[in-house]
Amino acid sequence: MFIGHEPILRFLNSAQQEKRLAQVYCFAGPGQVGKRTLAKIMAAQLLGVDFARLENHSDYTYVERLENEKTGKLNKDLSIGQARALREKLTQRSWSGGYKVVIENEADAFKEESPSALLKTLEEPALNTFIILVTDNDAALLPTIRSR
């Protein structure tokens with residue numbers, strides 16, 4: 001366990017056990033404090049998989065900025081293509097029959113068009129879909145995402 005996030009993890013575990021877990025959460029705060037790690041711990045627990053094997057689980061998706069093939073640098077934004085691919089994946093059934101878990105890293109980096117592609121998913125996620133938005137600056141989230 002890492003220091004400082006135990007109350008949040010206890011809250012999420014309790015919500016899961018009591019079947020009152022929301023489908024979308026936003027983990028916001030300064031960089032390098034463990035938001036992504038906490039999100040991954042929760043994802044592993046929901047999927048019933050060891051933390052070290054999370055990346056290989058068929059019902060887990062981690063969304064982050066991609067590298068620009070031409071420049072070799074990270075793109076400035078999460079693309080609309082990424083948003084559409086995620087939306088498509090979330091319309092499919094879970095492979096394991098349980099949760100589908102998505103962690104959207106740098107959720108504040110979505111392009112203006114991208115949230116439109118995901119808005120319906122954020123408003124009404126499919127049953128047993130769990131989405132965690134991770135951001136260092138929740139004020140930078142687009143208003144369409146913040147309002148959800």
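User: What share of the contacts in the protein with a separation of 6 or more comes from residues 24 or more positions apart?
Analyst: Those residues account for 70% of them. Contact here means heavy atoms within 4.5 Å. This is a predicted model, where local features need pLDDT of at least 70, side-chain atom pairs count only at pLDDT 80 or more, and totals for chains, interfaces and linings use all residues. Residues are numbered from 1 along each chain as its sequence is written, and side-chain values use heavy atoms, with hydrogens and water left out.

User: OK, what's the mean pLDDT of the protein?
Analyst: The mean is 82, and 89% of the residues reach 70 or more. pLDDT is the predictor's confidence in each residue, from 0 to 100.

User: Where is confidence lowest, and where is it highest?
Analyst: Helix 4 (residues 113–123) has the lowest, with a mean of 66, while strand 2 (residues 60–63) has the highest, at 92. Where pLDDT is low, the predicted coordinates should not be read in detail.

User: How many helices and strands are there?
Analyst: The protein has five helices and four strands. From the N terminus on, they run α-β-α-β-α-β-α-β-α. Both kinds are DSSP runs numbered from the N terminus: helices are H or I with at least four residues, strands are E with at least two.

User: And how much of the protein counts as buried?
Analyst: 40% of its 148 residues do. Buried means under 20% relative accessible area, exposed over 50%, and partly exposed in between, using a 1.4 Å probe and protein chains only.

User: How many residues does the largest nonpolar core have?
Analyst: It has 22, and those with the most contacts inside it are Leu21, Phe27, Met42, Leu54, Ile103, Phe130 and Ile132. Helix 1, strand 1, helix 2, strand 3 (100–104) and strand 4 (129–135) each supply at least two residues of this core. The largest share, eight residues, comes from helix 2. A nonpolar core is a set of buried Ala, Val, Leu, Ile, Met, Phe, Trp, Tyr and Cys residues joined through side-chain atoms within 4.5 Å.

User: Which residues is Ile132 in contact with?
Analyst: Leaving out neighbours within four places in sequence, Ile132 contacts Tyr25, Phe27, Ala39, Met42, Val102, Ile103 and Glu104. Apart from that core lies another, of twelve residues, with Leu78, Ala107, Ile131 and Leu141 among them.

User: Back to Leu21. Where is its place, and is it buried or exposed?
Analyst: Leu21 is in the loop between helix 1 and strand 1. It counts as buried because its relative accessible area is 16%. Beyond neighbours within four places in sequence, Leu21 is in contact with Leu12, Ala15, Gln16, Met42, Leu46, Tyr99 and Phe130. Its C-alpha is 9.8 Å from that of Asn128, a residue 107 places away along the chain.

User: Switching topic: what lines the largest pocket?
Analyst: Leu21 again, together with Ala15, Gln16, Lys19, Arg20, Ala22, Gln23, Tyr99, Leu127, Asn128, Thr129 and Phe130. Helix 1 and strand 4 are the elements that give two or more residues to this lining. By class there are six nonpolar, four polar and two charged residues.

User: What volume does the largest pocket have?
Analyst: About 160 Å³. The pocket search uses a 1 Å grid over the protein atoms alone: a pocket is an open set of points where a 1.4 Å probe fits, with protein on both sides within 12 Å along at least five of seven lines, and lining residues have an atom within 4 Å of a point. Points are joined across faces, edges and corners, and the volume is the space filled by probe spheres set on them.

User: Lys19 was in that lining. What is its phi?
Analyst: Phi of Lys19 is near 55°, which is positive in a residue other than glycine. Lys19 sits in the loop between helix 1 (6–17) and strand 1 (24–28), and it counts as exposed, at 76% relative accessibility.

User: What about Gln32, what is its phi?
Analyst: Gln32 has a positive phi of about 65°, although it is not a glycine. This residue lies in the loop between strand 1 and helix 2 (35–47) and is exposed, with a relative accessible area of 74%.

User: Last one: what does Ala44 touch?
Analyst: Not counting residues up to four places away in sequence, Ala44 touches Val49, Asp50, Phe51 and Leu54. Ala44 is in helix 2 and buried, with a relative accessible area of 4%.

Key:
Nonpolar A, V, L, I, M, F, W, Y, C, P; charged D, E, K, R; others polar.
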